[in-house]
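Me: I have a model open and would like to talk through how it is put together. Could you start with the packing and go on from there?

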Amino acid sequence: MKKIALYLIPLGLFLGLSIFLFQGLFSDPRDHQSSLLEKPMPEFVLPDLMDIEKTYTEEVFLGKVTLLNVWGVWCITCAIELPYLKQLQDEGKHIVGLYYDQDIDPDFGIKTVERVQQEVTDKLSQLGNPYAYNIFDVKRDLSLDLGVTGAPETYLIDQQGKIRLHHIGDINPRVWNNKFATLYDELVVQ
Amino acid sequence: MNRLINTFFILILVCFGNSVSATEDNFQFDSPQQNALFLELTKELRCPKCQNQNIADSDAMIAVDLRRKVYELLQKGYDRDQVIDFMKQRYGDFVYYQPPVNPMTIWLWLLPILFIVVALAGIVMTRKRQAPEIDNEQLAKAQAILERDE
């Protein structure tokens, strides 16, 4: 009896290891929690994309629940999620764009603001405009402070201006219902 | 045929292209020490977008931005730990190749030691159990047999 128990130890260890490694097959290496959750929005002073004279700071998020969507016209997945974002806006959600351009190299800066604005206007008139306004992250500093790894990414910001959720990838009905809906409804009621 | 050659060529590029470092930025440093620190940090910080590359090796936009940030921070007089903390605050522990020691990760260090201890204990236990099986009487018998053979 004791001998059987002894032989079961390696079997048990093997099974444990197998289960652990098997789970690894289905884990998403890109899925790591943002370290900014529950923290206030980082400080920033950035212009409006369409009206460069106008500037925003982190205080603009106080008082309402906001979806901050990081995007760019060069980003294909962003174009795919735009119609759904538009639908969310039609349902009354407050969506703000954080726009950044890939072609603007802070060390050189070859693209004019007018051209960026034209590209954005074209894209939005074609696919629908879900944004209340767009913040222009000229040198991608705010993106860096937010821990953005690429586009699209979306942050859910509560009425106190705190980041409550960070989603990497596009927003679609499945993601909205599984990840955002419950928390969003909770935050709106507060 | 032409297509096949093209595919082959692309494969070669994909396989070996990575070994060429992507760093082509022109950063000016005040001192060689600072330059060395920059090279060290960009090797140890991990690109959040391209999982298995450090930011020195990657040409993703985020890696370019992070390299410039490291440079800016060094110019501002940040030391090594401060730069790493700055990045960790934004991109999590993920961004640094050396994992922190916490209740979750302590097993990375403890498990090998535990394994060795348990294995040693196992060996000692089995040795002890075998030891009394040969007593003096058996030894004498064996000796007798050996002597007889001679």
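**Cores, sheet and interface**

Reply: Keeping in mind that this is a predicted model, the largest nonpolar core has 28 residues, and those with the most contacts inside it are A:Leu98, A:Tyr99, A:Tyr155 and A:Ile157.

Me: ok, and which elements supply at least two residues of this core?
Reply: In chain A, the elements that each supply at least two residues are β3, α2, β4, α3 (113-127), β5, α4 (141-146) and β6.

Me: what does A:Tyr155 touch, leaving out residues up to four places away in sequence?
Reply: With those sequence neighbours left out, A:Tyr155 touches A:Leu68, A:Leu146, A:Ile163, A:Leu165 and A:His166.

Me: and which residues does the second, separate core include?
Reply: That core has 16 residues, and B:Ala56, B:Val64, B:Leu66 and B:Val83 are among them.

Me: back to chain A, in what order do the strands of the open sheet come?
Reply: The five strands are ordered β5-β4-β3-β6-β7, with mixed pairing; β5 (134-136) and β7 (163-168) of chain A are the edge strands, each pairing on one side only, and the twist from one strand to the next averages 20°.

Me: why is β3(A) described as largely enclosed?
Reply: Strand β3 of chain A, residues 66-71, has six of its six residues buried, so it is largely enclosed by the rest of the structure. Both of its faces are covered, with A:Thr66, A:Leu68 and A:Val70 buried on one side and A:Leu67, A:Asn69 and A:Trp71 buried on the other.

Me: how many bridges join β3(A) to β4(A), and how do they run?
Reply: Six bridges join β3(A) to β4(A), which spans residues 94-99, and the two strands run parallel; within that pairing, A:Val70 stands opposite A:Leu98. The chain gets from β3(A) to β4(A) by way of helix α2 of chain A, residues 76-90, and this β-α-β crossover is right-handed.

Me: parallel or antiparallel with β6(A)?
Reply: The pairing of β3(A) with β6(A), residues 153-157, is antiparallel and runs over five bridges. In β6(A), A:Leu156 stands opposite A:Leu67, while A:Ile157 is the bridge partner of A:Thr66. A:Ile157 has come up already, as one of the residues with the most contacts inside the largest nonpolar core.

Me: which strands does α5(A) lie across?
Reply: Helix α5 of chain A, residues 173-189, lies across β6 and β7 of chain A, and runs at about 165° to β7(A).

Me: switching to chain B, how many helices and strands?
Reply: Chain B has six helices and zero strands, which along the sequence gives the pattern α-α-α-α-α-α.

Me: what share of chain B is buried?
Reply: Of the 150 residues in chain B, 15% are buried. As for its contacts, 43% of those with a separation of 6 or more are between residues 24 or more positions apart.

Me: last topic, how many residues of the two chains are in contact?
Reply: On the chain B side there are 14 residues, in contact with 12 residues of chain A. Two helices of chain B, α3 (61-75) and α4 (80-91), each supply at least two residues of the side that touches chain A, and α3(B) gives the largest share, five residues.

Me: and how do the residues on that side of chain B divide by type?
Reply: The residues of chain B that touch chain A divide into five nonpolar, three polar and six charged.

Terms used:
Residues are numbered from 1 along each chain as its sequence is written. Chains are lettered from A and ligands numbered from 1 in the order in which they are written. This is a predicted model: local features need pLDDT of at least 70, side-chain atom pairs count only at pLDDT 80 or more; totals for chains, interfaces and linings use all residues. Two residues are in contact if their C-beta atoms, placed from the backbone, lie within 7 Å. Helices (H or I, at least four residues) and strands (E, at least two) are DSSP runs, numbered from the N terminus. Ala, Val, Leu, Ile, Met, Phe, Trp, Tyr, Cys and Pro count as nonpolar, Asp, Glu, Lys and Arg as charged, and the others, Gly among them, as polar. A residue is buried if 20 or more other C-beta atoms lie within 10 Å of its own, exposed if 12 or fewer, and partly exposed in between; C-beta atoms are placed from the backbone. Two strands pair if DSSP finds at least two bridges between them. A crossover is right-handed if, with the strands pointing away from the viewer, the path from the first strand over the helix to the second runs clockwise. Axes are lines fitted to C-alpha atoms, for helices over the stretch in contact, and angles run from 0 to 180 degrees between N-to-C directions. A nonpolar core is a set of buried Ala, Val, Leu, Ile, Met, Phe, Trp, Tyr and Cys residues joined through C-beta atoms within 7 Å.
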